[in-house]
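Dear colleague,

I am passing on the structure below, followed by notes on what was found in it. Please read the notes with the model open beside them.

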Amino acid sequence: MSLTADYEIVTKMEEAPTFAPCVPVPNVQEMVRKNPFEVPKRYVRGEEEVEKSNYMPHLSSEIPIIDFTLLSNGNKEELLKLDIALKEWGFFQIVNHGVPRELMQRMKDITAGFFELPIEEKEIWKMPPDDIQGYGHTSVVSEEQILDWCDQLILLVYPTRFRKLQLWPETPEGFKDIIEAYSSEIKRVGVELISSLSVIMGLEKHDFLGLHKEILQGLRVNYYPPCNTPEQVIGLTTHSDASTISVVMQDDDITGLEIRYKGSWVPVTPIPDALVVNVGDVMEIWSNGKYKSIEHRAMTNKSKRRTSHVAFLFPRDDAEIGPFDHMIDAQNPKLYQNVKYGDYLRFTLNRKLEGKTQTEAAKLKE
């Protein structure tokens, strides 16, 4: 299967890119407001998909914790912890990252204020028909598809020349300034993390950044309303991220993110002021499968709404991704095609979320 067959890059590098269309679907928050006890058929999942029998909450405390300050200073022990975390889990939490607590709280407050606006006001910034930036939903490709129990706000933040400011909410007051301040801090953290990934892959510290041609950074705010029967729905379908890395700010008091670990589902219990980091498909492909992107999902609960703030860092469309030569040998043959990142990204975004089907499609055929 060729990833370039239908998704040729036509975007000039100085034009703001578009990513993928999405079939319009109902607003979940508004649906719950009107009838909090109903779960429409299009949202109902079977027991085999929810997989509650494979739920392993006791493993949550084993998810690695990395000290960002030590890592940034090139501490060998912390770099080794990062290497092990990625090989074993694909997820970790970072502490001592330097993002001010007050800024993290202001970000949570301002996005909560946005989702509390009347639906008519939120839809001023709804997604256009041909893209997934703005307020709405993603990865819905058919009218028959089972839907996720969430609403989303998605913005491309960096580089600044790619911003579509007409889709950036102007209320609550100060929204844009807080998005800017928070995203700037996450960019600092993300660039340093990618530099550390470069080191553990045997490259010079800044080599991996250079291969991206430019770091793009997107923001997705996921809003999960409470659900009267949470055992019947999924907030965000099982998937892996098409990014290099993703940096997540969770609510401090509600667990909803779950990761696939050795066939089981493990909740990522929030640590106050920590950030959750996971490697995406780009890292898996460049490392020739040494560091795999991990399936994860979001679950809902009966009594509380939950919000997550996800920053995706990824290469420019014209960057080529493919296994590094030094990651290939007789014991580790080349597993993945070389492909333009823009083709891979659009191939992924034009499909429904379905585990790691996109990375399987990127593998070389025997």
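**Notes on the model**

Asn96 is placed in the loop between strand 2 (91-95) and helix 5, where helices (H or I, at least four residues) and strands (E, at least two) are DSSP runs numbered from the N terminus. This is a predicted model, in which local features need pLDDT of at least 70 and side-chain atom pairs count only at pLDDT 80 or more, while totals for chains, interfaces and linings use all residues. Residues are numbered from 1 along each chain as its sequence is written, and side-chain values use heavy atoms, with hydrogens and water left out.

*Backbone*

The phi of Asn96 is near 55 degrees, a positive value in a residue other than glycine, and with a relative accessible area of 47% Asn96 is partly exposed (buried means under 20% relative accessible area, exposed over 50%, and partly exposed in between, with a 1.4 Å probe and protein chains only). Ser139, in the loop between strand 3 (134-136) and strand 4, likewise has a positive phi, of about 60 degrees, although it is not a glycine; Ser139 is buried, its relative accessible area being 10%.

Two cis peptide bonds deserve a look: the one from Tyr158 to Pro159, with omega near -5 degrees, and the one that joins Thr171 and Pro172, with omega about 0 degrees. Pro159 is found in the loop between strand 4 (151-158) and helix 7, and Pro172 also lies in the loop between strand 4 and helix 7. At 11% relative accessibility Pro159 counts as buried, and, leaving aside residues up to four places away in sequence, Pro159 touches Glu214, Ile215 and Leu216 (contact means heavy atoms within 4.5 Å). Pro159 and Arg316 are 157 residues apart in sequence, yet 9.9 Å apart in space, C-alpha to C-alpha.

*Aromatic rings*

The structure holds 12 aromatic pairs (rings of Phe, Tyr and Trp, the last by its six-membered ring, pair if their centres lie within 6.5 Å; planes under 30 degrees apart count as stacked, over 60 as edge-to-face and the rest as tilted). The rings of Phe115 and Tyr223 have centres 4.8 Å apart and planes at 20 degrees, so this pair is stacked. Because Phe115 lies in helix 5 (residues 101-115) and Tyr223 in strand 5 (residues 216-224), the pair ties together parts that are 108 residues apart in sequence; both Phe115 and Tyr223 are buried. The rings of Phe208 and Phe324, with centres 6.1 Å apart and planes at 75 degrees, are therefore edge-to-face. That pair links distant parts of the chain, 116 residues apart, with Phe208 in helix 8 (residues 207-211) and Phe324 in the loop between strand 13 (320-321) and strand 14 (339-340), and both Phe208 and Phe324 are buried. One aromatic cluster is formed by Phe114, Phe115, Trp125, Tyr135, Phe175 and Tyr223.

The charged end of Lys187 sits over the ring of Tyr158, 4.5 Å from its centre, and Arg297 lies over the face of Trp265, at 4.2 Å from the ring centre (a charge sits over a ring if NZ of Lys or CZ of Arg is within 6 Å of the ring centre and within 35 degrees of the ring normal).

Best regards
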